[in-house]
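Open the model in your viewer and keep the sequence panel beside it. Each stop below tells you what to select and what is there.

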Amino acid sequence: MYYRRYFSGSIAATNATRITKSIVNGSNLTHYCNQTDVLLSAIKQTLEDVGIQCEYGDIDGVLIIDGVTLQICATNPSPYISFNINGIQMTTINSNYPFSGTKYSFYVTLKGDIEGILQIFIGSYASPQIETTGFIIGKGVDLRDGVEIRVIWAGSVNNVSSFYVVKNDKILDDYKSTVAFGLQLTNVSGLNNNGIEATLVECVAQPGRFKLSNCYFGNAALAVNSFYNIGGDIYYSIAAAILVKCVSTHVS
């Protein structure tokens, strides 16, 4: 999938704030509500355009995306956007801000597949189409018990192969830091004919406990951020270590 939607307009004021609860620990979180509302509405509309379920949660600044709770708040009028999941603050972006004073202009861009790994890019006012920062959401399985997991990351989302692991919509206690997935396969003539063929190996985490859905080890012959037709199926090289198979029927 490669889909993007453009948003532009203006907000009533840059300094209007609300206090909400952080989903990290329940503490008070002050955010700039006009900017937050624009961001969440844009993400929601873009995801729904391609058939991905997205709804507002009961707490300010929270979206529930395909069953995963994610808090996205403008925590400063310029240029900070914070990303939280249940149990941990992932990051705060302080670049590529989509606002300039009361005006905003940016694309929300989707690349990958919601049934594997999906990148959600948020553009900047200076360069609305830029594909640098945003967040990642993906699916997998805990090989210990066969239960579905979700993988999440936020910040710079280019060539990322380490993610936070969420199970039952909460960060796993034993994995409060990111888990590395995948591997880049070397071009070997006996393996993949010096890059003419692509060998598909299911993508597991380096600890060996988790596996990503519809994802495979990367290949040195495949450029990152590029789509490929392999055996009649479309794949997206999301990182040097991970190749995503595009399997959904969403608009692309």
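Two strands count as paired if DSSP finds at least two bridges between them. Helices (H or I, at least four residues) and strands (E, at least two) are DSSP runs, numbered from the N terminus. This is a predicted model, in which local features need pLDDT of at least 70 and side-chain atom pairs count only at pLDDT 80 or more, while totals for chains, interfaces and linings use all residues. Residues are numbered from 1 along each chain as its sequence is written, and side-chain values use heavy atoms, with hydrogens and water left out.

**Stop 1: two hairpins**

Select residues 133–142, strand E12, and residues 148–156, strand E13; nine bridges pair them in the antiparallel sense. They form a hairpin with five residues between them. In that turn, click glycine 146, which has a positive phi of about 80 degrees. Which residue in E13 is the bridge partner of isoleucine 137? It is isoleucine 152.

Arginine 150 has valine 166 in E14 as its bridge partner.

**Stop 2**

Show the side chains of lysine 139 and glutamate 115, which meet in a salt bridge (3.0 Å, N to O). Such a bridge is a side-chain nitrogen of Lys or Arg within 4 Å of a carboxyl oxygen of Asp or Glu. Because lysine 139 lies in strand E12 and glutamate 115 in the loop between strand E10 (103–112) and strand E11 (117–122), the pair ties together parts that are 24 residues apart in sequence. Is lysine 139 buried or exposed? At 11% relative accessibility, lysine 139 counts as buried; buried means under 20% relative accessible area, exposed over 50%, and partly exposed in between (1.4 Å probe, protein chains only). Glutamate 115, at 29%, is partly exposed.

**Stop 3: helix H1**

Select residues 33–49, helix H1, and find lysine 44 in it. Lysine 44 is buried, with a relative accessible area of 18%. Apart from its neighbours within four places in sequence, lysine 44 is in contact (heavy atoms within 4.5 Å) with Cys54, Glu55 and Tyr56. Other buried residues of H1 include Val38, Leu39 and Ile43. After the helix comes glycine 51, with a positive phi near 85 degrees.

Next, show arginine 5 and aspartate 49, whose side chains meet in a salt bridge (3.1 Å, N to O). Arginine 5 is in strand E1 (residues 2–10) and aspartate 49 in helix H1, 44 residues apart.

**Stop 4**

Which strands make up the open sheet of five? Their order is E4-E5-E6-E7-E8, with antiparallel pairing. The edge strands, E4 (54–56) and E8 (88–93), each pair on one side only. Within the sheet, four bridges join E6 (residues 68–74) to E7 (residues 81–85), and cysteine 73 stands opposite serine 82 in E7.

Finally, show H1 again: the helix lies across E4, strand E5 (62–65), E6 and E7, running at about 155 degrees to E4. Axes here are lines fitted to C-alpha atoms, for helices over the stretch in contact, and angles run from 0 to 180 degrees between N-to-C directions.
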